[in-house]
Amino acid sequence: MLYSDLAETFDRLEATSSRLEMTTILADFFRTVDTDRLREVVYLSQGKLHPDFHPQVLGMADRLVLKAIAIASGHSEKSIEELWVETGDPGEVAERMMARKKQMALFSEELTVDRVVRGLTAIENTDGRDSQDKKMKTLANMLHDSGPLEARYLCRIVTGRMRVGAGDMTILDALAEGFATKDDRPEIERAFNITCDIGLVAETIATGGMDAIRAMEITVGNPVKVMLAERLPSIPEVVEKLGGRCAMEFKYDGIRVQAHIGRDGVTLYSRRLEDMTQNFPDIARALRNKCRFGEVIVEGECVAVDPETGFMLPFQNVTHRRKKHGIDDAVRDVPVRIFLFDILYCDGRDTTGDPYPERRELLESAFIMGDMVQTTTMRVVEGPEEGEEFFSGALVARCEGIMAKSLERESVYRAGSRGYLWIKYKKDYQEALTDSFDLAVVGAFYGMGKRAGKYGALLMAAYDPEMGDFKTVCKLGTGFDDAFLDGMPALLNGNLSGTCPRSVDSEMVPDVWFEPGVVLEVVAAEITLSPTHTAARDLLKEGSGLGIRFPRFTGRVRDDKTPEQCTTVGEIVDMYGMQARDSDGLSL
Ligand code: ATP
């Protein structure tokens, strides 16, 4: 297959902002692709060579790419650099320079998708001496045989800037449209939720249709999208929602880990599918040693403990384990425990369809519990009083609240979904008017006075899964200390965008735009109707959206969350409803 066909499709995708149209473009295109190439084509349309949980990512420095463009186009590095300063986009530079290519090639070999995949794989795998030079030459080689459009997307892919709108949800829609029906969409999404591999799902549906999709199973080594909890503003409401009787567990404030325990080794995945085994080697070892089965997938919260007293320590302590360097010191200085709360797979059997009580029983029997590996403290509560009592016990044990879980027959593990089978209730709900929000940074405003020349405030957005975009909810200028203000460019500038990103829906125009990438935790006084913000626009009142008032940064950068995992517009609408319902104003 020619790479130019792919580049033309990317161009058509980029030219439209309608998700329906994008779906049809992708569906029509996917149908024309050989089934054994479809997996790669799907990854490439997201600017990748692998599923998200694969550790390797393409990420060539812009300057190296500019050099390759110079070699392939015959233009001077100086003129190329000038264009790059003007546009900020190596893709556009490549396109314009290849359109004005100087020397005529004597030999030119057509660029196929296969050759592009081989070239990009070589770039990804090259390391050691002269690796930068080798990467640059491999790219120059491909650019040499590229037309302007092909060059645009090659350079965007290698620099990690491929954003043509082919998000996971759009691709799932396209697979349903291209190979099945709209009604099959939930089952296709389920297949994605249990494998986190959009390329594998595409290949499976193209080769085996819906039967093959239905037969897809959880496997050790493919992370599963995590199940999430809803929130309610009081313990009695939590207990009532779950039928007057439920399981309650301590809610630990640490780092959520999904452990894939195989016969030969263990991989620990974070919520954003990063491999965190290197960060918690002690936990990985303990899980393998203490597990009574051969192959198991479990979830738990890793929490730091005081080495002297054994008491649980606040969240900040466990973040020392997230660093890339000095992990040996952190392992020694910051002892960690894992509190297991669910089991998804056990020796060849997918357990996510079992009700909670059965999963809990299996979880408790699956490990030899000890200091390092424990299950969460759990009790079945039979009414609001017992619930309040358990909640007080959780606070005494220095937990941040409780997780209530349904005991009903339908209390399965719903991969990738947030629902009322699990309900969270935190002590913060008693003190603040709202729960905290995890919001994506989509823009910045330059400061004044003490903050002149620096970013002084940020434009924050919630995720809208239905539209696949980010809607603004507030301008955030409070809660930043000097160190954070100074570090903002380093944190944010990798996501700079010359214009409002395609995935952002905003009426406010900040001084600079960012692609959604960084997620910050924010607390606020209140959710209000807002004429400015685009979250839930026109849903509750014509011409109004929802905004959050007096937002304050808590100091917590949610680097464990992707922007798509931040607070959703739907959650904000629910929180607004709870707030309006509560006459004291003391609610979520
Ligand atoms: P969310 O996970 O709902 O997107 P969040 O990351 O901000 O939100 P919280 O609102 O504090 O987290 O609570 C949910 C998280 O609590 C879970 O994702 C999990 O990491 C953690 N957790 C702690 N204890 C438990 C438990 N007993 N059962 C399930 N999750 C728990």
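Start by selecting Phe250: at 13% relative accessibility it counts as buried. Keep in mind as you go that this is a predicted model. Show Tyr252 as well, and you have a tilted aromatic pair, with 6.2 Å from centre to centre and 55 degrees between the planes. Tyr252 is buried too, with a relative accessible area of 5%.

Colour strand β2 (residues 246-251) and helix α18 (residues 384-396): Phe250 sits in the strand and Phe390 in the helix, so the pair ties together parts that are 140 residues apart in sequence. Both Phe250 and Phe390 are buried. Across the whole structure, a search finds 14 aromatic pairs.

Stay with strand β2 and pick Glu249. Which side chain does Glu249 meet in a salt bridge? It is Lys405, at 3.2 Å from N to O. Lys405 is in strand β10 (residues 401-405) and Glu249 in strand β2, so this contact ties together parts that are 156 residues apart in sequence. Buried or exposed? Lys405 counts as buried at 1% relative accessibility, and Glu249 counts as buried at 1% as well.

Next, a network: select Asp11, Glu14, Asp89, Glu95, Arg152 and Arg156, which are joined by salt bridges that share partners. The total for the model comes to 53 salt bridges.

Two further bridges are worth a click. Glu81 and Arg63 have their closest N and O atoms 2.6 Å apart. Glu81 belongs to helix α5 (residues 77-87) and Arg63 to helix α4 (residues 62-73), 18 residues apart. Here Glu81 counts as partly exposed at 29% relative accessibility, and Arg63 does so at 49%. Then go to helix α11 (residues 185-195), where Glu189 and Arg185 lie 4 residues apart, about one turn of the helix. Their side chains meet at 2.5 Å, N to O. Arg185 counts as buried at 14% relative accessibility, while Glu189 is partly exposed at 23%.

For charges over rings, select Arg556 with Phe315: the arginine lies over the face of the ring, 3.4 Å from its centre. Lys241 does likewise over Tyr420, at 4.4 Å from the ring centre.

Now for some backbone. Most residues other than glycine have a negative phi. Asp347, though not a glycine, has a positive phi of about 40 degrees; look for it in the loop between β6 (336-346) and β7 (349-350). Asp347 is partly exposed, with a relative accessible area of 36%. Asp538 also has a positive phi, near 70 degrees, and is found in the loop between β19 and β20. Its relative accessible area is 43%, so Asp538 is partly exposed.

Leu540 lies between β19 (526-530) and β20 (545-549), and at 41% relative accessibility it counts as partly exposed. Together with Leu529 and Leu539, Leu540 forms a nonpolar surface patch of about 270 Å² of accessible area.

Finally, zoom out. The protein has 21 helices and 21 strands, and its C-alpha trace spans about 80 × 60 × 50 Å along the principal axes. The radius of gyration is 25 Å, which agrees with the value near 25 Å for a compact globule of 588 residues. Of those 588 residues, 54% count as buried.

Terms used. Residues numbered from 1 in each chain as written. Heavy atoms only, no water. Patch = residues over 30% accessible without salt bridge, like charges linked within 9 Å, V, L, I, M, F, W, Y side chains within 5 Å. Areas by Shrake-Rupley, 256 points an atom, 1.4 Å probe, with all protein chains shown as cover. Salt bridge = Lys/Arg side-chain N within 4 Å of Asp/Glu carboxyl O. Helix = DSSP H or I, 4+ residues; strand = E, 2+ residues; numbered from the N terminus. Buried < 20%, exposed > 50% of the residue type's maximum accessible area, 1.4 Å probe, protein only. Phe/Tyr/Trp six-rings, centres within 6.5 Å; stacked < 30°, edge-to-face > 60°. Lys NZ or Arg CZ within 6 Å of the ring centre and 35° of its normal. Rg over C-alpha atoms; globule rule 2.2 N^0.38 Å.
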